[in-house]
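Here is a short note to read beside the structure. Please take the points in order.

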Amino acid sequence: MRRQIILNQKQAIEIYEHMIQILGSNRAKFSAEFRKRKIRGESSRIASKYGVTAKTIRDIWNRRSWSNATNSLWFRYFGRSDNVGLKYSC
């Protein structure tokens, strides 16, 4: 049985910041499909760093978990507080 790792708020924010770094600063310039391709495969790499699954990473990126901790980052990066049209499946 796999040991369950519990993330804290600081780690969730770091994970979300990884996504922002991967996507770069030209967020408005690229389509959602381009951003999805650019980030593909990165969730596994980051997951191993934190000892969690790639799905856990994607859940943070897609704001299914830790959205309360990452909302300010989302708004600052994407310029809105919703997550319409951005789902990453890596």
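1. Among contacts (heavy atoms within 4.5 Å) between residues at least 6 apart in sequence, 63% join residues at least 24 apart. This is a predicted model: local features need pLDDT of at least 70, side-chain atom pairs count only at pLDDT 80 or more, and totals for chains, interfaces and linings use all residues. Residues are numbered from 1 along each chain as its sequence is written, and side-chain values use heavy atoms, with hydrogens and water left out.

2. The protein has five helices and zero strands. Both are DSSP runs numbered from the N terminus: helices are H or I, at least four residues, and strands are E, at least two. Along the sequence the pattern reads α-α-α-α-α.

3. Start with helix α1 (residues 9-23) and helix α3 (residues 42-50). Their axes come within 11 Å and cross at roughly 150°. Axes are lines fitted to C-alpha atoms, for helices over the stretch in contact, and angles run from 0 to 180 degrees between N-to-C directions. The crossing angle therefore makes α1 roughly antiparallel to α3 (over 145 degrees). On the α1 side, the contact uses Q11, E14, I15, H18 and I22. On the α3 side, it uses E42, R45, I46, K49 and Y50.

4. Now look at helix α4 (residues 54-61). Six of its eight residues are buried (under 20% relative accessible area, 1.4 Å probe, protein chains only). They are A54, I57, R58, D59, I60 and W61. Their cover includes α1, α2 (32-39), α3 and α5 (67-78). Just after α4, R63 takes a positive phi of about 65°.

5. Overall, 36% of the 90 residues count as buried.

Methods: Parallel < 35°, antiparallel > 145°, perpendicular 65-115°, else oblique. Buried < 20%, exposed > 50% of the residue type's maximum accessible area, 1.4 Å probe, protein only.
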